[in-house]
Amino acid sequence: MKKAAIEIPEGCTEVLLHACCAPCSSAIVEWLMQHGVRPTIFYFNPNIWPREEYEIRKQESKRHAESLGIRWIDGDYDHNMWLQGVCGLEGEPERGRRCQQCFRLRLLTTARKAQELGIHYFATTLASSRWKSLEQISLAGQAAQDAVPGTEFWAQNWRKGGLQERRNQLLREYNFYNQQYCGCEFSVRPSTD
């Protein structure tokens with residue numbers, strides 16, 4: 001018997017979904033709602049730089065959640081805290097140790113927020129990006145789960161089940177702002193002008 005592309009953990013009817021941006025969360029949120037799982041979006045991205053970029057992505061995420069009538073929570077923007085958390089890793093390549101630490105910081109905060117809200121499961125839209133390492137995301141989610149009692153990380157490859165294609169459709173339908181880098185100043189690709 002073929003395994004389903006996306007599997008809901010047993011008993012999961014609600015999830016705290018860490019969202020990096022509206023484009024990445026749109027198809028995931030739609031899928032969750034269609035399958036009886038109520039998402040609460042947690043926008044926590046202190047890695048994003050500059051602040052103007054953060055605000056644009058935040059407003060798009062909020063606009064999307066409001067259009068669907070789902071709960072949306074704004075995590076604090078503390079870029080200096082994030083910089084301290086990745087200090088010494090600035091020169092790491094994408095998918096290197098800096099990204100691993102960034103995922104750890106963000107998912108630990110997500111697990112703590114899930115615990116605070118009484119939501120057992122948490123997941124992340126980071127696992128929808130082809131630019132991110134699913135192994136790093138899973139390790140960070142597992143570490144967060146281990147550190148925060150009463151939470152469970154829903155490790156899921158959100159690229160499957162047609163969600164990548166649906167993401168691209170929703171990007172156009174909502175006319176989402178679509179950034180060209182993960183968010184931190186160390187991931188900005190040099191201009192080719």
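Predicted model: local features only at pLDDT ≥ 70, side-chain atom pairs only at ≥ 80, totals over all residues.

Colleague: At what angle do α4 and α5 pack, and how far apart are their axes?

Modeller: The angle is about 40 degrees, and the axes are 8 Å apart.

Colleague: Which residues of α4 and α5 meet?

Modeller: From α4, which covers residues 97–117, the list is C99, Q100, F103, R104, L107, L108 and A111. From α5, residues 134–147, the partners are Q136, I137, L139, A140, G141, A144 and A147. Sorted by class, this contact has ten nonpolar, three polar and one charged residues.

Colleague: Q100 is on that list. Is Q100 buried or exposed?

Modeller: To read burial, look at the relative accessible area: under 20% counts as buried. Q100 has 9% relative accessibility, so Q100 is buried. A polar atom of the Q100 side chain lies 3.1 Å from the backbone oxygen of Q136. Setting aside residues up to four places away in sequence, Q100 touches Q136, L139 and A140.

Colleague: Now another pair: how do the axes of α1 and α6 cross?

Modeller: Helix α1 (residues 22–34) and helix α6 (residues 163–174) have axes that come within 8 Å and cross at roughly 115 degrees. The range from 65 to 115 degrees is read as roughly perpendicular, so that is the term for α1 and α6. The crossing of α1 past α6 is right-handed.

Colleague: What makes the contact between α1 and α6?

Modeller: On the α1 side you will find P23, C24, S26, A27, I28, E30 and W31, while α6 brings L163, R166, R167, L170 and L171. Those residues of the contact divide into eight nonpolar, one polar and three charged.

Colleague: How should I read a loop residue such as V37?

Modeller: Start with its place, then its surroundings. V37 sits in the loop between α1 and β2, and with 2% relative accessibility V37 counts as buried. Although V37 and V15 are 22 residues apart in sequence, their C-alpha atoms are 6.9 Å apart in space. Beyond its neighbours within four places, V37 is in contact with several residues, including I8, C12, L32 and W154.

Colleague: Which backbone details deserve a look? For instance, what joins W49 and P50?

Modeller: For a peptide bond, check omega. W49 and P50 are joined by a cis peptide bond, with omega about -5 degrees, and P50 belongs to the loop between β2 and α2.

Colleague: And what is the phi of R95 and of N175?

Modeller: R95 is not a glycine, yet has a positive phi of about 70 degrees. R95 is in the loop between α3 and α4 and is partly exposed at 43% relative accessibility. N175, also not a glycine, has a positive phi near 55 degrees. N175 is in the segment after α6 and is exposed, with a relative accessible area of 64%.

Definitions and conventions: Residues numbered from 1 in each chain as written. Heavy atoms only, no water. Axes fitted to C-alpha atoms, helices over the stretch in contact; angles between N-to-C directions. Helix = DSSP H or I, 4+ residues; strand = E, 2+ residues; numbered from the N terminus. Parallel < 35°, antiparallel > 145°, perpendicular 65-115°, else oblique. Left-handed = near helix turned anticlockwise from the far one by under 90°. Contact = heavy atoms within 4.5 Å. Nonpolar A, V, L, I, M, F, W, Y, C, P; charged D, E, K, R; others polar. Buried < 20%, exposed > 50% of the residue type's maximum accessible area, 1.4 Å probe, protein only. Polar contact = N/O pair within 3.5 Å; in protein donor to acceptor, adjacent residues only side chain to side chain.
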